[in-house]
Amino acid sequence: MAKTDQAGRPIVVVTGMGVITSLGAGREDNWRKLTAGESGIHEITRISTEGLKTRIAGTIDFIPVEHHSSPELSERLATIAAEEAIAQSSIGSRGDFPGPLFIAVAPIEIEWDQREELVRASGANGDLGYADLYRAGETGKFRHVYERFLFGSVGGNMAERFGTKGSPITLSTACASGASAIQLGVEAIRRGEASAALCIGTDASVNAESLIRFSLLSALSTSNDPPQGASRPFAKDRDGFVMAEGAGALVLESLEAAQARGAKILGVLEGCGEMADSFHRTRSSPDGKPSIGCMRNALNDAGLSPEDIDYINAHGTGTPENDKNEYLSVSTVFGERAKGIPISANKSMIGHTISAAGAVESVFSLLTLEHQRIPPTINYKIPDPSIPLDVVPNTARDARVTHVISNSFGFGGQNVALVMGREPR
Amino acid sequence: MADAREVWITGVGIVSCLGEGIEAHWEALGKPSTADTTAFAPYVVHRAVPVDFDKQIPKKGDQRQMEAWQRYGVYAAGLALQNAGMKGNADLLAHTDMIVAAGGGERDGKVDISVLAGLRTANDHGAYLNQRLMSDLRPTLFLAQLANLMAGNISIVHGVTGSSRTFMGEEQAGVDALRIALARIKAGQSEIALVGGAYNAERLEVILYYVLAKCLTHDQHSRVWERAAAGGGMELGTLAAFLVLEEKQHALKRGAKPFARLTSIESDQVNRMPGAITAALERMWSGVAQRVMPENAAILSGATGVEPITAEERAFLTQHVGLAVRATGTHLGHGLEPQFPANIALAAIALRHGHLFAPADDSGVERAMDAPLRQVVVTSIGHRRGEGFALVEAVD
């Protein structure tokens, strides 16, 4: 079997996968529930939702963390997903992963709990100012807050924990972050810099401020009742996305390295494509040029044509605009075939795991290839006549799937598509 | 190092306390510092010179959608594109890749303090926070806080759309942004890339992080190598730096002139036990030692002043390497993500001029260098984690 692809580059394969979402921890639990059409979306209990328009999310509440914050839980979720992926691949040894780390993390900021802690420690009763917070900080008792909220903290700690090699790369390309982490890993292996890479996307940023920020942009579903019915990608009555938490991890290896150590090959990362959008900060170009371009770039990179794709793992957020644009892109790239290719949105069940989404959905795409079964788009009760696609409505379906394309589109004009295959060609 | 593909720096854009653009920086380097000791007292902050953003961000609407760190970044990116001769060249920009090193997190400090004050006496804590955030957060501020929206704004304002990636993680992000862009071009995964970052130190909520870490110096400006006696520390600085990296043939074909060649970049993350920095520098230096010609080479150090890591770097550079050294933090202050890109930019500018700027130090670390400058080694020892090392060379 050839060790290089059509362009003479090392073939990149997947030898380990890990995932955690609001549906549960691990591949098995997630896959069973995902193909049963179960939703992980529920009422938010972590914080008060008093006065909020959106009171639902796919939070992960079954993983205890001592001092809750977005980076703290993000790191915990990333750790769980990475442990599962590394265990499956049996690569390296404990704390000694033989390659670099690429990790997608949500933007990090000191949160309200920490600010309030500083206010309390300052003892300020009257007028409050930053001088009071600084006074508390100067005691040196809050170094842990600085450590936790450095932008490099999650990646830095993960690199130490798993013994990945070199400088870990922490990245953010908004809702495409998880896919970008995988793309960086693929590129490093193709350059011959590494024979393995650990690629992770993680996000645990459901808190009052981030809910409100997205809410002020009118991006979130407000269909609070029942929570499980809120995320309705491609349906006519879709009204926004549902924030969610999760992590996905892949162990990537060159085919040569994987075969040399007798690793089981779970799938192939065949192609990556990207194209930035200069149209608007939160909206996609109405002509779909960048999302079309990124899908075409991914197909070209994989050396495949649209005819070769059997399933589209949609970005499918459930916002009115995204799904309409994604239809435009898919119908342009796939032409007449668009109506006949199954396309489904994992987000109908797990919500939008934002910085993790590209990685989580890559794991699901690879599981689709492995099980030859396509997870459904649930909550698809009222078809949108302007989006005539086979969204695998409400019920999973067995199918012959050899090549999958998975889309990720994000704020700031970020577009990434990944093409995955069942086995090396 | 017999790379088939050579990478040139064909564009440089920089904004700092020293000025904006190449000439302003060249003029100001080696002159007394402009650090501000009053605006954020007791902390010393290197404040950016006033910038006329209209020159690179013509639409006021675009400027309003950004916070200061993004405006500095988009501005410096525009300068780099301009002197690379690619501003407005839609075809070229559409296949230009972009990697930005950024943090974000600029907030509305007034709102934060007012909400915090109210929370002290709120009956229903959660409900109060929700109500205040719903009414007080500006929708656009969210976009001004997201790390990847500096890149997003560069796409919108300048039309760079080949690809867009944002790395986070303080100094490390700046090092790896350049390392990955360089590796991609060398490997044929990219032809031309806009790479850099920006940091605005002139914000209370941003300075707060380093107050918590207790790693800032107080009261008076001091030069990087002189801070150890008082325990060391950083002076933060507002900084934006972007570079255009371009494959040599690609540059030749469009008639672009090189500032310098970006020969190699290495990065690592070592534990910070005593001796670890020395070992890392040793390893990275050994990768270029054979190639470096001591009489025509200098070192631009990204030393932060934080101890004991700065002492370790100082000892390594002076005892082991012995080249002329300049710590740019003395001039620029420390700007985290863009510090390494800025130092590569200054290296490129010095190489174009063919000589090194004057020393700014009487501690014995920095000495005058009169010989022609042909090579510059750039170091980055992140204040908390991450190490980087680059070799920049003159192009004949």
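This is a predicted model: local features need pLDDT of at least 70, side-chain atom pairs count only at pLDDT 80 or more; totals for chains, interfaces and linings use all residues.
Trainee: Why do the buried residues of α3(A) line one face of the helix?

Mentor: The helix spans residues 112-122, and A:W112, A:Q114, A:R115 and A:L118 are buried in it. Seen down the axis, these buried residues line one face because they fall within an arc of 165 degrees.

Trainee: Which helices of chain B do the buried residues of α3(A) pack against?

Mentor: Within chain A, the buried residues pack against α4 (130-138), α5 (143-149) and α8 (208-216). From chain B, the helices packed against are α5 (109-119) and α6 (125-136).

Trainee: How many nonpolar residues does the side of chain A that touches chain B have?

Mentor: In chain A, 61 residues are in contact with 63 residues of chain B. Elements that each supply at least two residues of this side of chain A include α3, β6 (169-171) and α7 (177-190). By class, the side has 18 polar and 14 charged residues, and the nonpolar count is 29.

Trainee: Which residue of β5(B) is the bridge partner of A:T170?

Mentor: β6(A) pairs with β5 (residues 165-168) of chain B in the antiparallel sense, over two bridges. In β5(B), the partner of A:T170 is B:M168.

Trainee: Which residues have the most contacts inside the largest nonpolar core?

Mentor: That core has 284 residues. A:I200 touches, among others, A:A78, A:I103 and A:A359, not counting residues up to four places away in sequence. The residues with the most contacts inside the core are A:I200 and B:A76.

Methods: Residues are numbered from 1 along each chain as its sequence is written. Chains are lettered from A and ligands numbered from 1 in the order in which they are written. A residue is buried if 20 or more other C-beta atoms lie within 10 Å of its own, exposed if 12 or fewer, and partly exposed in between; C-beta atoms are placed from the backbone. Helices (H or I, at least four residues) and strands (E, at least two) are DSSP runs, numbered from the N terminus. The arc is that of the directions from the helix axis to the C-beta atoms. Two residues are in contact if their C-beta atoms, placed from the backbone, lie within 7 Å. Ala, Val, Leu, Ile, Met, Phe, Trp, Tyr, Cys and Pro count as nonpolar, Asp, Glu, Lys and Arg as charged, and the others, Gly among them, as polar. Two strands pair if DSSP finds at least two bridges between them. A nonpolar core is a set of buried Ala, Val, Leu, Ile, Met, Phe, Trp, Tyr and Cys residues joined through C-beta atoms within 7 Å.
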